[in-house]
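Good morning, everyone. Please have a look at the model on the screen, and I will walk you through it.

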Amino acid sequence: MIIQYNPYLKKYWRTNRKNQTEAEWKIWHIVLKQDKTWYRFLRQKPIWNYILDFYCDKLKLWIEIDDLSHDWKWEEDEERIEYLNSLWIKIIRYSNEDINYRLEGVMIDLEDTLEERRIELQKSKKTFAPL
């Protein structure tokens, strides 16, 4: 399934890539870039009217890096989560502090989450397979 995005967002995701936080830089360059997890992640991926920090299409997995701005955007976040969940996109969240000070723990948690998600999607394909 192809998921559309708002073309107006193009300038924002490009800006976001250039102005990434230290935590986003770390998780991209140390953990996700060049398929280090065995799955391809895209950064600042536009989906519908939203821009996801990191997204893996194969696993339908979105990684959100929370900073202080998320404290005052909770209502918008809830709408975004609800919409993306309706597309079977699962979210995993890490804070800037987690990445900056507990990166090894984040890497272990992410590895476990990737495997759980792979199994979850494999089971759902069997469930929805035609008879």
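I will go from the overall fold to a hairpin, then a helix, then the surface.

First, the ground rules. This is a predicted model, so local features need pLDDT of at least 70 and side-chain atom pairs count only at pLDDT 80 or more, while totals for chains, interfaces and linings use all residues. Residues are numbered from 1 along each chain as its sequence is written, and side-chain values use heavy atoms, with hydrogens and water left out.

Now the fold. The protein has five helices and four strands. Helices here are DSSP runs of H or I with at least four residues, strands are runs of E with at least two, and both are numbered from the N terminus. Along the sequence, the pattern reads α-α-β-β-β-α-β-α-α. The protein has 131 residues, and 38% of them count as buried. Buried means under 20% relative accessible area, exposed means over 50%, and partly exposed lies in between, with a 1.4 Å probe and protein chains only.

Next, the hairpin. β1 and β2 form it, with two residues between them. Trp48 sits in the turn and has a positive phi of about 55°. The two strands pair in the antiparallel sense over five bridges. To count as a pair, two strands need at least two DSSP bridges between them.

On to helix α2. Which residues are buried in α2? They are Ala23, Glu24, Lys26, Ile27, Trp28, Val31 and Leu32. In general, an α-helix has 3.6 residues a turn, so residues three or four places apart point the same way. Just after α2, Gln34 takes a positive phi of about 55°.

Then comes a loop, between α2 (22-32) and β1 (42-47), and Trp38 is in it. Is Trp38 buried or exposed? Trp38 is exposed, because its relative accessible area is 79%. Trp38 and Leu114 are 76 residues apart in sequence, and their C-alpha atoms are 9.6 Å apart in space.

Lys18 is found in helix α1, residues 10-18. Lys18 counts as exposed because its relative accessibility is 72%. Glu82 lies in helix α3, residues 74-86. Glu82 is exposed too, with a relative accessible area of 62%.

That is the tour. Thank you.
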